[in-house]
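Trainee: Please take me through a model feature by feature, giving the general idea before the particular case.

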Amino acid sequence: MTVRESGEMYLEAILVLAKKSGYVRSIDISEYLGYSKPSVSIAMKKLRENGYISMDADGFITLNESGLEVASRVY
């Protein structure tokens, strides 16, 4: 599956934030990219549905193997 440029940007942000602090939440991505929380939430839902990320019950986001591949490629 092909990821759009915006999806790549979100995945790259997750990778950068995870390396920086060890954990990532939607609010962290929102602050890092300067986007609204609802915009980030919609993007995270799409990335989750397409298997690029996982989100636990506490809202922490991790890259799945496919998401890590894309993020590493653009990072």
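This is a predicted model: local features need pLDDT of at least 70, side-chain atom pairs count only at pLDDT 80 or more; totals for chains, interfaces and linings use all residues.

Trainee: Which residues of the largest nonpolar core touch the most other members?

Mentor: In soluble globular proteins, nonpolar side chains tend to be buried together. A nonpolar core here is a set of buried Ala, Val, Leu, Ile, Met, Phe, Trp, Tyr and Cys residues joined through side-chain atoms within 4.5 Å, where buried means under 20% relative accessible area, exposed over 50%, and partly exposed in between, with a 1.4 Å probe and protein chains only. The largest such core has 17 residues, of which L11, I29, M44 and I53 touch the most other members. At least two residues of this core come from each of α1 (5-21), α3 (37-49) and α4 (65-74), and α1 gives the largest share, five residues.

Trainee: What does M44 touch, leaving out residues up to four places away in sequence?

Mentor: With contact taken as heavy atoms within 4.5 Å, M44 touches Y10, I14, S26, I29, I53, M55 and I61 on that count.

Trainee: How should I read α3, and which of its residues are buried or exposed?

Mentor: An α-helix has 3.6 residues a turn, so residues three or four places apart point the same way. The 13 residues of α3 reach 18 Å from the first C-alpha to the last, close to the 18 Å expected at 1.5 Å a residue, the expected span being 1.5 Å times one less than the number of residues. In α3, V40, A43, M44 and L47 are buried. Seen down the axis of α3, these buried residues fall within an arc of 100 degrees, so they line one face of the helix; the arc is that of the directions from the helix axis to the C-beta atoms. They pack against α1, α2 (26-33), β1 (53-55) and β2 (61-63), whereas P38, K46 and E49, on the other side of α3, are exposed. Just after α3, G51 takes a positive phi of about 80 degrees.

Trainee: How many salt bridges does the structure hold?

Mentor: Side chains of opposite charge can pair when their charged atoms come close. The criterion is a side-chain nitrogen of Lys or Arg within 4 Å of a carboxyl oxygen of Asp or Glu, and the structure holds three salt bridges. One joins E8 and R73, whose closest N and O atoms are 3.2 Å apart. Because E8 lies in helix α1 and R73 in helix α4, this pair ties together parts that are 65 residues apart in sequence. E8 counts as buried at 19% relative accessibility, and R73 counts as exposed at 57%.

Trainee: Which residues form the other salt bridges?

Mentor: D28 pairs with R25, the closest N and O atoms being 2.9 Å apart; D28 is buried, at 14% relative accessible area, and R25 is partly exposed, at 31%. K45 and E49 meet in a salt bridge at 3.8 Å, N to O, and, being four residues apart in helix α3, they are separated by about one helical turn. K45 is partly exposed, with a relative accessible area of 44%.

Trainee: How many aromatic pairs does a search of the whole structure find?

Mentor: A pair of aromatic rings is described by the distance of the centres and the angle of the planes. Rings of Phe, Tyr and Trp (its six-membered ring) pair if their centres lie within 6.5 Å, and planes under 30 degrees apart count as stacked, over 60 as edge-to-face and the rest as tilted. The search of the whole structure finds two aromatic pairs. The rings of Y10 and Y35 have centres 6.0 Å apart and planes at 65 degrees, so this pair is edge-to-face. It links Y10 in helix α1 to Y35 in the loop between α2 and α3, 25 residues apart. Y10 is buried, with a relative accessible area of 7%, while Y35 is partly exposed, at 33%. Y23 and F60 also form an edge-to-face pair, 5.8 Å centre to centre with 85 degrees between the planes.

Conventions:
Residues are numbered from 1 along each chain as its sequence is written. Side-chain values use heavy atoms; hydrogens and water are left out.
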